[in-house]
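Hi everyone, thanks for coming. Let's get the picture up on the screen and walk through it together.

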Amino acid sequence: MGVKCHARGTMLSIEGPRFSSRAESLMFRQWGADVINMTTVPEVVLAKEAGLCYASIAMATDYDCWKEHEEAV
């Protein structure tokens, strides 16, 4: 499909819809998260409980603490 993707990384899912604060994002980054995501909760939890494979294609909308020179959301 021509979608650029990353084969490895750690996605931390938070319950949304909401954006994490900059302090929360820095903490999540210290925990080893590469991406903070709110689009797969509760779907990913329900899929795991049902034994279903689950994949998500998402787009970054807020670079927060990952890009220091981006405007805050």
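**The pocket and its surroundings**

Okay, let's start with the largest pocket, which holds about 1200 Å³ of space. A quick word on terms: on a 1 Å grid over the protein atoms alone, a pocket is an open set of points where a 1.4 Å probe fits, with protein on both sides within 12 Å along at least five of seven lines, and lining residues have an atom within 4 Å of a point. The volume is the space filled by probe spheres set on those points, and grid points are joined across faces, edges and corners.

Before going on, this is a predicted model, where local features need pLDDT of at least 70 and side-chain atom pairs count only at pLDDT 80 or more, while totals for chains, interfaces and linings use all residues. Residues are numbered from 1 along each chain as its sequence is written, and side-chain values use heavy atoms, with hydrogens and water left out.

So who lines the pocket? There are 32 lining residues, and Val35, Ile36, Asn37, Ala58 and Ala60 lie nearest the centre. Strand S2 (residues 35–37) gives the largest share of the lining, three residues.

Stepping back, the protein has two helices and two strands, in the order β-α-β-α along the sequence. Helices here are DSSP runs of H or I with at least four residues, strands are runs of E with at least two, and both are numbered from the N terminus.

Now find Ser25, in helix H1 (residues 22–30). Is Ser25 buried or exposed? Ser25 counts as buried because its relative accessibility is 0%; buried means under 20% relative accessible area, exposed over 50%, and partly exposed in between, with a 1.4 Å probe and protein chains only. Across the protein, buried residues make up 15% of the 73 residues.

Leaving out residues up to four places away in sequence, Ser25 touches Ser20, Ile36, Asp64, Cys65 and Trp66. Contact means heavy atoms within 4.5 Å.

That brings us to Trp66, in the segment after helix H2 (43–49). Trp66 counts as partly exposed, because its relative accessibility is 29%. Which residues does Trp66 contact, leaving aside neighbours within four places in sequence? They are Ser25, Arg29, Ala33, Asp34 and Ile36. Take Asp34: Trp66 is 32 residues away from it in sequence, and their C-alpha atoms are 8.8 Å apart.
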